[in-house]
Amino acid sequence: MALEAVTAVHYRTVSINTGLCKGCGICAALCPGVLSMAAGGKAVVANQSLCTGCRNCENHCPDFAIFTEVD
Ligand code: SF4
Ligand code: SF4
């Protein structure tokens, strides 16, 4: 049986409310492929195309600063 290439499927768009983000870094630690911390101390979406839409970041942000929307 031939192996098939596995690629990320983009289901949701992630947004960060920088007014609510306190810069704890939890989201970037949970999902370093998509999220990172900016020099100013806020989370940023660095690579939206790798987001699988799992919502782990949204569910663990203590400040409700991450929102995911179905594309
Ligand atoms: S988990 Fe929430 S508060 Fe913490 S860095 Fe990420 S967006 Fe900001
Ligand atoms: S929804 Fe999942 S894959 Fe997408 S940024 Fe959040 S933790 Fe990462």
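Contact here means that the C-beta atoms, placed from the backbone, lie within 7 Å.

A word on the source. This is a predicted model, in which local features need pLDDT of at least 70 and side-chain atom pairs count only at pLDDT 80 or more, while totals for chains, interfaces and linings use all residues. Residues are numbered from 1 along each chain as its sequence is written, and chains are lettered from A and ligands numbered from 1 in the order in which they are written.

Cys61 also belongs to the largest nonpolar core, which has 12 residues, among them Val14, Cys27, Val34, Leu35 and Ile66. Such a core is a set of buried Ala, Val, Leu, Ile, Met, Phe, Trp, Tyr and Cys residues joined through C-beta atoms within 7 Å. Buried means 20 or more other C-beta atoms within 10 Å of the residue's own, exposed means 12 or fewer, and partly exposed lies in between, with C-beta atoms placed from the backbone. Of the 71 residues of the chain, 17% count as buried.

Now the fold. The chain has 2 helices and 4 strands, in the order β-α-β-β-α-β. These are DSSP runs numbered from the N terminus, helices being H or I with at least four residues and strands E with at least two. Of the contacts with a separation of 6 or more, 60% join residues 24 or more positions apart.

Beyond four places in sequence, Val45 contacts Val14, Ile16, Val34 and Leu35. Val45 counts as partly exposed because 17 other C-beta atoms lie within 10 Å.

Next, the ligands. Which residues come nearest to ligand 1? They are Cys21, Cys24, Cys27, Ala43 and Cys61, out of 13 around it. For ligand 2, with 14 residues around it, the nearest are Cys31, Cys51, Cys54, Asn56 and Cys57. Strand E1 (12-16) and helix H2 (56-60) each give two or more residues to the ligand 2 shell. A residue is near a molecule if its C-beta atom, placed from the backbone, lies within 6 Å of it.

Last, backbone angles. Most residues other than glycine have a negative phi. Arginine 55, in the loop between E3 and H2, has a positive phi of about 70°. Phenylalanine 64, in the loop between H2 and strand E4 (66-70), has a positive phi of about 50°.

Technical notes: Two residues are in contact if their C-beta atoms, placed from the backbone, lie within 7 Å.
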